Amino acid sequence: QVQLVESGGGLVQAGGSLRLSCVASGIIFRIYDMAWYRQAPGKQRDMVAVITRSGSTNYADSVKGRFTISRDNGKNTVYLEMNSLKPEDTAVYYCYARAAAPYTGDYWGQGTQVTVSS
């Protein structure tokens, strides 16, 4: 059974920092591209950051320079370091795993709430 379990969310003041973690089980982690998405109330779910199985990264323009995605294949874990948080970063943050070609399969975590107060 595949599970992606996020942790590290919470309430933080604007300008503060949080580190999200997502631990994967039931998959061969190293063949998956990993990503963080977020969804604010009443809005669509948007990509925040992606890290490929080779370690290449990509970020949404709104978080570039503030957020850093990383992975530890030995721990089956992907991280999202979030600095200089803004109230507009408030959302539920989801971990996403997608198998890199030629493999198939994708999975979502249950989400973790991040709330940034002004």
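This is a predicted model: local features need pLDDT of at least 70, side-chain atom pairs count only at pLDDT 80 or more; totals for chains, interfaces and linings use all residues.
Residues are numbered from 1 along each chain as its sequence is written, and side-chain values use heavy atoms, with hydrogens and water left out.

**Stop 1: the two cysteines.** A disulfide here is a pair of cysteine sulfur atoms within 2.5 Å, and a search of the whole structure turns up one. Cys-22 sits in strand E3 and Cys-95 in strand E9, so the link ties together parts that are 73 residues apart in sequence. (Strands, E, are DSSP runs of at least two residues, numbered from the N terminus.) Are they buried or exposed? Cys-22 is buried at 0% relative accessible area, and Cys-95 is buried at 0% too. Buried means under 20% relative accessible area, exposed over 50%, and partly exposed in between (1.4 Å probe, protein chains only).

**Stop 2: the core.** Now select Met-34, Trp-36, Val-78, Leu-80, Met-82 and Tyr-93, which touch the most other members of the 31-residue largest nonpolar core. Such a core is a set of buried Ala, Val, Leu, Ile, Met, Phe, Trp, Tyr and Cys residues joined through side-chain atoms within 4.5 Å. Which strand gives the largest share? That's E9, with five residues. Zoom in on Met-34: leaving out residues up to four places away in sequence, its contacts (heavy atoms within 4.5 Å) include Phe-29, Ile-51, Ile-69, Val-78 and Cys-95.

**Stop 3: an open sheet.** Colour E1, E3, E8 and E7, in that order: these four strands form an open sheet with antiparallel pairing. Strand E1 (3-7) and E7 stand at the edges with a single partner strand each, so one side of each has no neighbour in the sheet. Two strands pair if DSSP finds at least two bridges between them; E7 and E8 have six. For one of them, pick Ser-70 and look across to its bridge partner in E8, Tyr-79.

**Stop 4: Trp-108.** Finish in strand E10 (residues 106-108), where Trp-108 lies. Trp-108 is partly exposed, at 37% relative accessibility. Not counting residues up to four places away in sequence, Trp-108 touches Leu-4, Tyr-37, Arg-45, Tyr-94, Cys-95 and Tyr-96. Check Ala-97 as well: its C-alpha is 6.6 Å from that of Trp-108, 11 residues apart along the chain.
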